[in-house]
Amino acid sequence: MSVVLIVEDELLELEFLESIVTDLLPNDQILTCESGIQAVQLAKQYRPDIIVMDILIPEMNGLQAIQEIKKFLPRVGVMILSAYSDFSYAQTAIRLGVQEYLLKPIKPSIIKQAVHDLLAAAAACEDEAFIEPKINQIYFIEKSIKYIHDNFKQKLPLQLVSSYIYVNPQYFSRIFKKEVGVNYIDYVNNLKIEYACKLLETTSYPAYRISSECGFTDPSYFNRVFVQQMKMTPHAYRRKHLCENAESNG
């Protein structure tokens, strides 16, 4: 649902604009007020998608109000409706990023088209804003995975990886699980245990050395993680592998 804020101090004009926008957007939220200060307050509270703003309104003029609102809603779509064609107003409006500057009197069809265009532009901005952080997330997840694969054989706390990609640890942990499908610790431990299995199959290293080779600082923790993943102890895994090899060679 879109939110539209209409700011106009002339009551008949306000009702006229409200009826036009309501006719165009019957299921959306239409807010109205008569002053610049009220406009800023409503914008903070309801965060409108577009604003239809008169210039000469009480307490704070429309351009000043837009300047304040843009500080916390930089992407909001703005349409100025004014009876004044003063070039300085238009210059200020352009500097503030106002998309539409229309002079009164104006036909309802033109207002509807302008509102429609502003909503379309707002939707496009939302899509761009969504795509941009998504691309950033994919980039730093890919970068973190490469770093993990290069360094999982050593102690690798989450904070070390998150600092490598310059991301807050809590945010990194949440996005990693969302994008990869498992949490960070399980992902790293999976790599460690996969490497441990390879060492058990190809070397005669005792379990404590394999634990160290895989980046575990505590052999008993290594044993617990191994059993959790492989459903058997490292010793049982090696014995099973030797038996299978003997059978295949026999």
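Residues are classed here as nonpolar (Ala, Val, Leu, Ile, Met, Phe, Trp, Tyr, Cys and Pro), charged (Asp, Glu, Lys and Arg) or polar (the others, Gly among them). The model is predicted, so local features need pLDDT of at least 70 and side-chain atom pairs count only at pLDDT 80 or more, while totals for chains, interfaces and linings use all residues. Residues are numbered from 1 along each chain as its sequence is written, and side-chain values use heavy atoms, with hydrogens and water left out.

Helices (H or I, at least four residues) and strands (E, at least two) are DSSP runs, numbered from the N terminus. Five strands form an open sheet in the order β2-β1-β3-β4-β5. The pairing is parallel; two strands pair if DSSP finds at least two bridges between them. The edge strands, β2 (29–33) and β5 (100–103), each pair on one side only. From one strand to the next, the twist averages 15°. Strands β3 (residues 50–53) and β4 (residues 77–82) pair over four bridges, in the parallel sense. Met53 has Ile80 in β4 as its bridge partner.

Helix α1 (residues 11–24) lies across β1 (3–7), β2, β3 and β4. Its direction is at about 170° to β2. Helix α2 (residues 36–46) lies across β1, β2 and β3, at about 155° to β2. Angles run from 0 to 180 degrees between N-to-C directions, and axes are lines fitted to C-alpha atoms, for helices over the stretch in contact.

Helices α8 and α10 (residues 219–230) pack at about 90°, with their axes 10 Å apart. That makes α8 roughly perpendicular to α10 (65 to 115 degrees). Residues of α8 in the contact include Ile185, Asn189 and Leu200. Among those they meet in α10 are Tyr221, Phe222 and Met230. The contact has ten nonpolar, three polar and no charged residues.

The largest pocket holds about 260 Å³ of space. A pocket is an open set of points on a 1 Å grid over the protein atoms alone, where a 1.4 Å probe fits, with protein on both sides within 12 Å along at least five of seven lines; lining residues have an atom within 4 Å of a point. Grid points are joined across faces, edges and corners, and the volume is the space filled by probe spheres set on the points. Of its 15 lining residues, Lys155, Leu156, Asn189, Lys192 and Tyr221 are the closest to the centre. Helix α8 (residues 184–202) gives the largest share of the lining, five residues. By class, the lining has eight nonpolar, four polar and three charged residues.

A cis peptide bond joins Lys104 and Pro105, with omega about -10°. Pro105 lies in the loop between β5 and α5 (108–151).

Conventions. Contact = heavy atoms within 4.5 Å. Parallel < 35°, antiparallel > 145°, perpendicular 65-115°, else oblique.
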